[in-house]
Amino acid sequence: MGGCLFLFVLLQLSESLQGEPVVSAGSSPLNCGLGSKLCKDDSECVLYSHVCDGEPDCRDGSDEEDCASGCNGDQFQCAHGKKCIDKDQVCDGVPQCQDRSDELHCMKQTEGCIHHCDSKSRCLPASFLCDGERDCLDGTDEADCASKSEDQEEDGYEKEERTSTTPEPSVSVSPSTTIKCTLGSIPCKTNAECILYSHVCDGEVDCRDGSDEEECSSACETDQFQCAHGKKCIEQSQVCDGVPQCQDRSDELGCAKHMEDCAHQCDDKNRCIPNSFLCDGERDCWDGSDEANCADEDCSATEFRCTSGQCVSATMRCDGHPDCWDHSDEESCTKAPVCTTKHRCVQSKECLVQEWICDGDQDCKDGTDEKDCPVAPLTCGEFQWSCKSKTKCVPTAWRCDGVKDCDDGSDETECGVVACLPHQFQCGSQECLDPVLVCNNITNCADGSDEGGSCQINCAEADNSRCSQSCYSTPQGLRCHCTAGFSLMEDGFTCADIDECEGQSPGVCSQLCINTPGSYRCDCHPGYIMEAGGRHCKITGEPFLLSSVLTDLFLFGLRSGSLDVLSSSAKKAILSLDYDWREQRVFWVSLDSESIRWSSLDQKATGTLIKGIRADSVAVDWLGRNLYWIDGVNSQIVAIRLATAAVESLDHSVILDEDLDQPRSLALLPQKGLMFWTEIGNVVKIERAGMDGSERRAVVNSSLGWPGGVAVDTISERVYWTDERLGAIGSATLDGDDIQILQMKETTNPFSLAVFNDMLYWSDAKKRVVQAAHKISGKNRQILLKRPRQPFGVKIIHSLLQTGNQSPCEKMDCSHMCVLAPGPKAVCKCPSGLLLAEDGLTCSSLVNSAFLLILSPSTVTQIYLQSRHTAAELKGWPEHLALQVPSINEAAIMDYNLRDHTLFLTDDGTTSLNSFKLKDSDLASRGQLLKLLGDTITAMALDWVTLNVYWSSHKQPRLQVTSITGAYTAVVIKEGIGRVESLALHPSSGRVCFTNLALQGTGTVATVECANLDGAERRVVWKDAVQPTSLVFSSNGDTIYWADSGLGTIGSVQLDGSGYRELKTRPGSGTEMSSSRTNCGLKLAHKWSA
């Protein structure tokens, strides 16, 4: 009865572990998990490893049907006759046959095996029991030692079985019994112990009988490497791979010759670092030899040596602000410095600004700036968490991250259930245990949940074979166990590799993560070297922080702490900068001039790249050899070729100019041909496009306040931005996913930012400081620059950041300018006034001078008809020029005089009529012709012969004419007009036509009427219109065209009322043919219109 009950329990447990539901007839077939197969009756799933294993697992027995009965010569047939395995799997310590026949008679009989432990993975002789040393992981070899007697030791195994806590069945020692070693282990000759296969023939004796170093091969194959101890061969590819396979580590010795820039070997010659890592203040070798015996760095004649070893510009000596880490540049000064600030340290006399007093950082050597500080009321931001002590706000990402950031530790309390690793057992009291400590008669969980229950049920051989790795007992019953690096799948039997690299956290690998079975390894991008910890990468050569501090350009060594000032001719603040490593130039823009200027990195020269332009943000395309900038006034993104000599402003090309409201900052990613910019207009967002203006899209339009600076991290492929309204720094993937907001006390006023390797750098113009922190967590914060004047732009300078790619533009023979497109690919661009020819390479002058003007509320877009494309070819805007209209709130109607290039616009926002001069790519205001009080112009057209303007308004529904000076106005037609929505002139024939919407009864009658320009000979030419608008004459003036948005038609009729023709469009849609009062008016400019 007891045996039947035990079998029933095992069956129940097996079914629960299988986890597959039984499907009744007529239901949909089961979806089996990975590694499983559906039985023929569709009622259950079985593991592929159980198919043809000599034991039926399907209820219908279909898993043992159609099994091979004969094996090949290089195969072994299981004893049950239904499965063939490779001969190299025989006696490998892992049973592939269900009857375990492939592992029978594989070793000599066990001698001295007395005590099994660790789920039968280890067997100890009697001398190991109660010897004061813990040899079993589960501790059973040292349990209940006080009650043991001499006679118990003589019959140790049977006595131990009565007291043992292992869940294994009783086994007596006999000549037919062999020790069972765990996967990856082999028994020694005496069968008294097991050792790992990796320890066999490794040159070091691990078995007490020395059998693991016997019968070792002494000669290696030609494609193998022999370990120095002479007893092991490994593959050549494993030599100098950073992982020692030889016990004596001979495969990793003398590897310096395989590494680039190898200057110093350390850590027993297992690591080699470049010269730039030596004495840089960072410990790169475990043995610390890279920072030993370091001599003081030599400073140049124009520098001052700090006592702390830094070299700073001699001009900073005794300037009232400490630039040395130890403040030594402000010591022994002959006279107190003249402070440009209002505050000074009480005793040490350094100059202070108000924002540095009680900011949490000691600026005075005497510490007086941080004494007697008032306690300010605490208000945490949207992306912060308040410590329970109400004295500190921490970023929400720091909550429950395993590190106590609050002074009271409250950020690590009430964190909920901590999930154990997949290979661990979770106690009811939330501790995590190794499975070997479960059901061992020793309470390891605080609540005792690891003992009792079904612990008496032991794993049978069949249970171990069902589990893909191993089985163990729990108070809840039998469970399959997976080793570290694997997780148990839903079927309850199969162990699957965990991909630690998928969605990796910052703690996994800082750059590249490579998944391996049961583990992972980290790697670095070219030019970086793995640090000693094996997870973080370090770049060869010193990187520098470039920052504009008001009118100065500072260069700060991120390792040496050196500080130099580049030459600058700026008179006002430098707000944006970038650099070109090839030409060793820093490009910058300041508030005092309309130009982009440069300073050489060797501090010897300055110059101007381009004059006569307005730039708010600059970015260097080091791959395509162009410089981009944002023109905030004209709402454009513009580019020009990088040149050693100054270039003309007319040589630039407009990359983007449509639908840009207030672009703020620009960043390029030439490696992918992409650019990113922040938009702070009516709709704040971060946008992305190709560097040719194609494939434009908004990538971030949520979690934004006022995005300012923008930067791209090429390593993690994320875009970062500052947010002055939120007082935070945000980031997202290049597609806008995974938005993360870092909001700290130190990010309350971020202006510009840069990202490099693991670190984030940002300037704070209000606190006058440049800081750095870890780019994901915001921890490890450092103050790099703190000056009395305001810092603005920041960049990281290093040769590796602008090298290593071949430009697609090198293969393009563009006549004027080549820019990068997504990919990256190469595209030719033309300056304003030139059009790209059909060959896609040559920029040519206009052949057809006719152009189309398109009006939107704040922009007039000019498109030359020569650049038109077929509908099938046109994927974006054709070649065009977008003209920002100055001082116009809501442009509604336009007309154009081709003779003197004057544009006439009505403004609904100011209820006025204005004129503008079109010159090159700008519109210049020429003044206001009309200003209506409490009224709105509804129609307007220009007589380009007399330069008089015809118009009508909402409150004055009559046709009027005003002289070009605005001095005289006369009424042309007064009677019988309800409302004029559109009018057109043909000065050559002296005719005017207009739409007349008049009230008649309960409805409105819409007609098209024409007259002489003086109002004579008025007549209705068409009376069956509904909503006629956008009137335009034919070139000879004998036909009038209009769009009827009510009928969805384009109509035309001769001026005598005959010859009506109609073009049907979609119902309810109109077509704009000239100026209109919608959001988009059109005007065609051609020689006959002048």
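This is a predicted model: local features need pLDDT of at least 70, side-chain atom pairs count only at pLDDT 80 or more; totals for chains, interfaces and linings use all residues.
The chain consists of 1090 residues, of which 47% count as buried. Its secondary structure amounts to 76 strands and four helices. Of the contacts between residues at least 6 apart in sequence, 37% join residues at least 24 apart. The accessible surface is about 52300 Å², and carbon and sulfur atoms account for 50% of that area.

Four aromatic pairs were found in a search of the whole structure. In one of them, the ring centres of Phe751 and Phe792 are 5.2 Å apart and the ring planes meet at 75 degrees; the pair is therefore edge-to-face, since planes over 60 degrees apart are classed in this way. Phe751 belongs to strand 48 (residues 750–756) and Phe792 to strand 52 (residues 791–797), so the pair ties together parts that lie 41 residues apart in sequence. Phe751 has a relative accessibility of 14% and counts as buried, because the cut-off for burial is under 20%. Phe792, with a relative accessible area of 8%, is buried as well. Elsewhere, Trp1022, Trp1042 and Tyr1060 are linked by ring pairs into a cluster.

Lysine side chains were also found over aromatic rings. The charged end of Lys538 is placed over the ring of Phe277, at 4.4 Å from the ring centre. Lys779 lies over the face of Trp398, and here the distance to the ring centre is 5.1 Å.

How values were computed
Residues are numbered from 1 along each chain as its sequence is written. Side-chain values use heavy atoms; hydrogens and water are left out. Helices (H or I, at least four residues) and strands (E, at least two) are DSSP runs, numbered from the N terminus. Buried means under 20% relative accessible area, exposed over 50%, partly exposed in between (1.4 Å probe, protein chains only). Contact means heavy atoms within 4.5 Å. Accessible areas come from the Shrake-Rupley method with a 1.4 Å probe; for residues, only the protein chains shown count as cover. Rings of Phe, Tyr and Trp (its six-membered ring) pair if their centres lie within 6.5 Å; planes under 30 degrees apart count as stacked, over 60 as edge-to-face and the rest as tilted. A charge sits over a ring if NZ of Lys or CZ of Arg is within 6 Å of the ring centre and within 35 degrees of the ring normal.
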